[in-house]
Amino acid sequence: MNDTAVPDGIGVSAVAAATGYSVQQIRDLEALGVLAAARRGSNGYRRFSPQHVRDLHTYRDLVDAVGPVAARRTLVDVRALPDDAAAALVCSLHSGLERERARTLAARAALDAIRTEVSTDAPAVAGDDMSVGELSDALGVRASTLRFWESAGLLTPERTTTATGSVRRYPLPVIRDARIVAALRAAGYPIPAVRTIVTDLRELGDLETSRAVLDARIVEIGRRMLALLRAGAVLAAIVAERSGSVAAAGDGWQDTRPHSL
């Protein structure tokens, strides 16, 4: 049977061909409420509409923008929440991406400042190093955070033995590492990624790798923002369709890229 020839809707195989999702993925997304429930045809099989195809493309954009968990939750909630709450939900996604971008830009600016300092630094002299308290104050982080970074292999302070025990001291190279770690963590990078970057910096002796990582992150966030903008128009249509006030948006758009849940 040709799905597209049936007058009472679109068959699941035709939806799969139009969107790049598998038949099972489509059924799973319907069961999760990501897709509105399909009606049943005269033969008892699911019959989908062009809006289902549109919503699957929107789900893909949302996954790209905010990840699969938030994407699923968003498409479920915009159908259930009052109009103002649904609009606020979508706006919160945009705000989250903008905060992520702002943190990354701040981290890049911090790296640029550190790179400028490196190029003009005089040779280290006695007294340039810092105690754990001095460095935590300078970075605006807790002393326990510095100790955690040390245990994670991000920092290697020197140890000085005193009458009361061992004391951490942070010479200039370690202070520089700590500033880079603080910038990357502020931008949202997880510990394993920061460890890789700091290790590369120690081996390469420059900051270009870290800046390239942040540049790529900014480009990626911009791409995700555009995906969220595309999804936003359809999310607004979904909210409005509940009262039948607007026609469906984006009917007929074909996208055959494969995608996993």
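**Reading contacts, cores and a helix**

Guide: Welcome! Let's start with Thr-58, which is in contact with Ala-231, Val-234 and Leu-235 once its neighbours within four places in sequence are set aside. Please keep in mind that this is a predicted model.

Visitor: Thanks! Where is Thr-58 found, and is Thr-58 buried or exposed?

Guide: Thr-58 is found in helix α3. For burial, the cut-off is under 20% relative accessible area. Thr-58 has 3% relative accessibility, so this residue counts as buried.

Visitor: How do I read the largest nonpolar core, and which residues touch the most other members?

Guide: Think of a core as buried nonpolar residues joined through side-chain atoms within 4.5 Å. Here the largest one has 32 residues, and Ile-26, Tyr-59, Leu-62 and Val-78 touch the most other members. At least two residues of this core come from each of α1, α2, α3, α4, α5 and α10. The biggest contribution is from α10, with 7 residues. Apart from this core lies another, of 24 residues, including Leu-146 and Val-174.

Visitor: What does Val-78 touch, beyond residues up to four places away in sequence?

Guide: Its partners are Ala-86, Leu-89, Val-90, Leu-235, Ile-238, Val-239 and Arg-242.

Notes:
Residues are numbered from 1 along each chain as its sequence is written. This is a predicted model: local features need pLDDT of at least 70, side-chain atom pairs count only at pLDDT 80 or more; totals for chains, interfaces and linings use all residues. Side-chain values use heavy atoms; hydrogens and water are left out. Buried means under 20% relative accessible area, exposed over 50%, partly exposed in between (1.4 Å probe, protein chains only). Helices (H or I, at least four residues) and strands (E, at least two) are DSSP runs, numbered from the N terminus. Contact means heavy atoms within 4.5 Å.
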